[in-house]
Amino acid sequence: MAIIEVVVPQLSESISEATMLSWKKHAGSFVESDEILIEIETDKVVLEVPAPSSGVLVEIIRGDNSTVVSGELIAKIDTSAKPSVVIEPSKEVLTSSVSSSESSSSKDMKGVSSPAASKILSEKGIDASSISGTGRDGRVTKNDALSVKQSLPKVETLTSSTLSLDGRPEQRVPMSRLRARIAERLIQSQQENAILTTFNEVNMQAVIDIRRKYKDKFEKEHGVKLGFMSFFVKAAVSALKKFPLINASIDGKDIIYHGYFDIGIAVGSSRGLVVPILRNADQLSIADIEKSIVDFGKRAADGKLGLEEMIGGTFSISNGGVFGSMLSTPIINPPQSAILGIHATKDRAVVENGQIVIRPMNYLALSYDHRIIDGREAVLGLVAIKEALEDPQSLLLDV
């Protein structure tokens, strides 16, 4: 017998522990090298733990929902064992050995799901075995998981005072580590920052005209759609250059002026809000920004963003407009000192040269830490963002 150990991957220095999600293999299953055994959730990302070598998973030491730390032993694999059918008394186990052509049919793959699909189904409270997969041999794919409706999870800890006979159930579930971390940071931001918010409105017609004129050529040339977010990023960077305090942060009694522009882009996912960072955004082209944002969105949905991609940042942008928000007051993402909230662009009646006209308007909100940013810098900074968006050619000329 040749036993190797499966351990928790190295976590970030800022993360002391993580939570085991659900094992994808049972004890006694044969696993292939690099096959994903379990996903581990930290307060920022979900990490996949692959099998370090092929063999039989002879022992699971830490079960589902266990709290673990870096390097902790969670399972053992016997690399000398050959693929064979090993079935626990009460569970059907998928193995890599088959005795006939029938054993490799789609029936054998029922309930087997990809890592991304497993995470989505777990969040929806749905058993993979209840879904007819469209993947190879009936495997449940990510699209299968996304297409099924969320079911009401079982209520396990209800008393007579919380569950009546007229179909009014309640359920108590623990927060995920990410959701708990979001809650912690929001409270921290509210308690430590003197948050004020200033508002303005911007006529998006010039940006809309550029996008309409060049979107087809842009997509053909760069392989990504020309969106609006890249213009907001460019406009924000332009304003931050003019008003460095908005790009600064507080450390104790010191103010740190950042000579670079790392812009956090708030991305919503089924697990919660994450804010990956566009490093050196001032050096990125419109195409680079659009590609990065699309990539962030895809990997956030799959829980594939790395820890290093969400650390730091000097300023953030939150786009509530994609969900239909008309106006909001975004909360600062510590240790940053300001955040821009953008909203849905809608046709509105505005006055120009004494005439009422219809224009595509967007309300902007800049929340800032009044401890270091005075109203003057905040207001003028937001005006600078507005002016850049209403004259986007100035962004290309850097004026």
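Predicted model: local features only at pLDDT ≥ 70, side-chain atom pairs only at ≥ 80, totals over all residues.

Residues are numbered from 1 along each chain as its sequence is written, and side-chain values use heavy atoms, with hydrogens and water left out.

**Exercise 1. Describe the protein as a whole.**

Step 1: Start with the helices (H or I, at least four residues) and strands (E, at least two), which are DSSP runs numbered from the N terminus. The protein has eight helices and 19 strands.

Step 2: Turn to burial, where buried means under 20% relative accessible area, exposed over 50%, and partly exposed in between (1.4 Å probe, protein chains only). Of the 399 residues, 42% are buried.

**Exercise 2. Work out the strand order of the open four-stranded sheet.**

Step 1: Two strands pair if DSSP finds at least two bridges between them. The order here is 1-8-6-3, with antiparallel pairing.

Step 2: Find the edges. Strand 1 (3-7) and strand 3 (30-31) each pair on one side only.

Step 3: Zoom in on one pair. Strand 6 (residues 55-60) and strand 8 (residues 73-78) are joined by four bridges, and Val56 stands opposite Asp78 in strand 8.

Step 4: Recall the general idea: strands of a sheet pair through backbone hydrogen bonds, either parallel or antiparallel.

**Exercise 3. Is Ile74 buried or exposed, and which residues does it touch?**

Step 1: Locate Ile74 in strand 8.

Step 2: Ile74 counts as buried because its relative accessible area is 0%.

Step 3: List its contacts (heavy atoms within 4.5 Å). Leaving aside neighbours within four places in sequence, Ile74 touches residues including Val6, Met20, Trp23, Ile38 and Val68.

Step 4: Compare with Asp369, which lies in strand 19 (residues 355-369). Asp369 is buried too, since its relative accessible area is 1%. Beyond residues up to four places away in sequence, Asp369 touches Asn193, Ala194, Ile250, Ile332 and Ser337.

**Exercise 4. Trace the salt-bridge network that contains Arg299.**

Step 1: Apply the rule: a side-chain nitrogen of Lys or Arg lies within 4 Å of a carboxyl oxygen of Asp or Glu. The whole structure has 11 salt bridges.

Step 2: Asp295 and Arg299 form one at 2.8 Å, N to O. Both lie in helix 6 (residues 286-301), four residues apart, about one turn of the helix.

Step 3: Glu309 also bridges to Arg299, with the closest N and O atoms 2.6 Å apart. This pair links distant parts of the chain, as Glu309 sits in the loop between helix 6 and strand 16 (315-319), 10 residues from Arg299.

Step 4: Asp295 is partly exposed because its relative accessible area is 33%, whereas Glu309, at 18%, counts as buried.

**Exercise 5. What joins Glu390 to Lys386?**

Step 1: Their side chains meet in a salt bridge (3.1 Å, N to O).

Step 2: Both residues lie in helix 7 (residues 375-390), four residues apart.

Step 3: With a relative accessible area of 32%, Glu390 is partly exposed.
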